[in-house]
Structure formats: structure tokens, C-alpha cells
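Opening the notebook on this one. I want to look up cavities, then a strand, then a single side chain.

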Amino acid sequence: MIKEQTLIYLDYHATTPTDPRVAEKVLASMTSQFGNASSTDHVFGDKAAAAVSQAAQHLAQLVGASPKEIIFTSGATESINLAIQGTIAASHDSLPRIAISPVEHQAVLDTCKALEKRRRAEIIYLRVDSQGRLDLNHLEQTCRDGVSLLCVMAANNEIGNIYPIEKIGRIAQNHNIPFLCDGSQAVGKIPINVAEWGITYLAVSGHKFYAPQGVGALVVKRGYTLEPILFGGGHQKGLRSGTLNLPGIVGLGEACRWRQLEMVQDESAIAAKRDRLQAQLAEKIPELIINGDINSRLAGNLHISIPGIPNSAIIARVRGKLAISRGSACSSGVEAPSHVLRAMNLPEDVIEGALRIGIGKFTTEAEIDQAADILASTVKDISRLLAEN
């Protein structure tokens, strides 16, 4: 009997498998502890409300915030929309100016573009270099010129760059500018401190750090005013109406608890696996290019390009063996090249040959070695075919 090929998952930036310990808590909240947190006329509601409160505490502890500053949402996209649209709606400026980096997630870019199209805001784009690093001098000058909101992600979802959020937050504070930080890829992987880093709004996505899909949060620093974008029921201080997703929130809180306990150890092990894969690929594929800031990137990120080898050809050939991607999961169905790599002004062949590899806590060394062999042999096969044609 021929042994079936095991599919290796290396797309942890797109989503992570739910930690079994988290899933156990989620299941209990769906079957035996299933109350509505807003219906507290009985014990079921009381227990649900207590579970939501505990989840808020775990998240607050992980990101250096107060539990009272937590607004639970369906995910980072909703959180980002609430922060941006809510800030602009509450602004007294005649034409609010929003400063964003051009390598932000589409949730930020598209929300800002929609506001600009409706003539409700002016968008100012910050500068990045060929490694996707922000020009902090330009950022400070932009803030000095005056903006209503500053948006910079903590870590990039494609190239994995970690941005100096503490420095950026200090600049925003010095100019009294609200600062939205998209923490989707960073929370649970690197330290973040809302209270000490000058972050006004922090967007969180649970499924990026072993919680279920469909749950997230927006941390809203005390003293800042947002206008809601959802109405009905007045839940969560009126900022986000709708029955709370108890199973998701319980899962998010439990994932935060485990990240507090295991983040440092896990990320160190993940970085070692990433470096092992990078070294093997560099040895087997001499033309390999590493994109982004290799001195400041997420432990599990390996963003590569193989000039002359279309990424679509590689993805098609490894599909049944290896789960990797051409870029953001939110735009992988779009034919247009990565806006992140475009903003970095990389050569066309580098952009067309780009692949994003995401490694997580459940990735094994055996899978790393197999993935290196699969990619190397695939590149060799495609190169031979191209040479023959």
C-alpha cells in the first residue's frame, strides 16, 4: 500500500489551528455554559457575564491594558473599521487627515480609501524603504504637520516586519494624535503594552494566535471617544451592539492566558525552525532572496522570492503537499501583485516570485525538513521546464 502524502501546514499568518486546550473551553461554553452575557436575570447569564469578564482580564494582561478598555468584535477587520470610522465620525476637523503606512493590511487601506472617496477624510501615505521599514523622520514630520489619526501596524502580515511601535506611539503622544495599531499579527507573539507605548486603539484577531476564527477585540484607551458603526441593543458601552459571541470570547481569553505563559518559549522555538528552513532553502536554491527586514521580523515569518520562477507555478505544484501562500489571505484571490512589495519598489521578477511561509508552534522539525525538500525539488522541476521551453 502506498502511504498517503501528509499535507504540511505553513500558512500560520493566514490562520492558526485552535489550541486543543482552548477548544475544550470553547466547547464547554457552547454546550454546558451557554448563557447570554446580557441576560443576567438567572445563573446562566451570570456565568456567561463572568466568563466574558475573565476573558477581558486575560486579554488586558497580555497587551498591557485595562479590562474596561476591551471591546469584543468579530475580528481585526471590524475592530479596524470601528477605530477608523469611529474616530472620523467623532472628529471636529472639517476634513480629517489620516496618516497610514502603504504596507498596512487591506482592512486599513480599504477603509481609508472608502472614506477618502466619500470626501470624509484625506489620506497621507508614510514612506517605507526596500525592506519595508518605515521612515520615522517622515512619520514625525507628518505628525508635526497635523493629522487626525495615525495608523501603523505592529507587524506586517506578509513580510513579517516588526515595527517600532513604542517609538511611534511616543511620536503620536507628543503631537496629541490618536494612534491605531493593528496588532493582528503581533499580539501573542511579541510584547505589546498599550498603557506604556502610547497606543490609543489596538486591533486584535484571535485566530492569529490559536483562538477560534471569528472573534477579536478593539482596545480603546480610556478618555478617547468613538462613534459606533453598529447599532441595536447598546451592548459594550454602546460601541458594539449585538449579542456577545460567548464561545469565541472564551476561546480568545483562554488563548491569551496560554500566550502569557508560553509566548517567549514558543516564539524562540519557532524562530529556530524558521532559521533551519531558511538555511536549507538558501543552500538548495542559490537564487533565493529573503524579503523584508531580517533583523526585525516575526519569529514564524519567512518571506522569500525566487526570481524567474512564478509563485503561481510553485503554489500549483505543491498544493497537495505543502500549504504556503503568495501573500495576504485576504487578497490571495486577487490577481494584482502584493501592495506591500509594490510599496517597497521591488523588481518585478522578485514580486512575481514571492512566497509567504508561516511557521507556528505546532510545526515540527520533520515538517521543516520535508518542506525544504519539496520546495527545492519543485523549483528545480520548474526551472528545467522553463529551460526546455
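How many cavities of 30 Å³ or more does a search of the whole structure find? I get two. This is a predicted model, so I note that local features need pLDDT of at least 70 and side-chain atom pairs count only at pLDDT 80 or more, while totals for chains, interfaces and linings use all residues. Residues are numbered from 1 along each chain as its sequence is written, and side-chain values use heavy atoms, with hydrogens and water left out.

**Cavities.** The largest cavity has a volume of about 110 Å³. Of the 13 residues lining the largest cavity, Tyr-12, Lys-189, Glu-267, Gly-300 and Ile-359 are the closest to its centre. For my own reference, a cavity is a set of points on a 1 Å grid over the protein atoms alone where a 1.4 Å probe fits but cannot get out, and lining residues have an atom within 4 Å of a point. Grid points are joined across faces, edges and corners, and a volume is the space filled by probe spheres set on the points. By class, I find five nonpolar, five polar and three charged residues in the lining of the largest cavity. Ala, Val, Leu, Ile, Met, Phe, Trp, Tyr, Cys and Pro count as nonpolar, Asp, Glu, Lys and Arg as charged, and the others, Gly among them, as polar.

The second largest cavity has a volume of about 40 Å³. I looked up its lining: His-105, Met-153, Ala-155, Asn-157, Asp-182, Ser-184 and Gln-185. That lining has two nonpolar, four polar and one charged residues.

**Strand E8.** Five of the five residues in E8 are buried (under 20% relative accessible area, 1.4 Å probe, protein chains only). Gly-216, Leu-218 and Val-220 point one way, Ala-217 and Val-219 the other. E8 runs antiparallel to E2 (residues 70-73), with four bridges, and Ile-70 stands opposite Val-219. E7 (residues 201-205) is also antiparallel to E8, joined by five bridges; there Ser-205 has Gly-216 as its bridge partner. Two strands pair if DSSP finds at least two bridges between them.

**Arg-356.** Why does Arg-356 count as buried? Because its relative accessibility is 1%. Arg-356 is in strand E12 (residues 354-358). Its side chain makes a polar contact with the side chain of Asp-11 at 3.3 Å (a pair of N or O atoms within 3.5 Å; within protein, one must be able to donate a hydrogen and the other to accept it, and residues adjacent in sequence count only if both atoms are side-chain atoms).

How values were computed. Buried means under 20% relative accessible area, exposed over 50%, partly exposed in between (1.4 Å probe, protein chains only). Helices (H or I, at least four residues) and strands (E, at least two) are DSSP runs, numbered from the N terminus. On a 1 Å grid over the protein atoms alone, a cavity is a set of points where a 1.4 Å probe fits but cannot get out, and a pocket is an open set with protein on both sides within 12 Å along at least five of seven lines; lining residues have an atom within 4 Å of a point.
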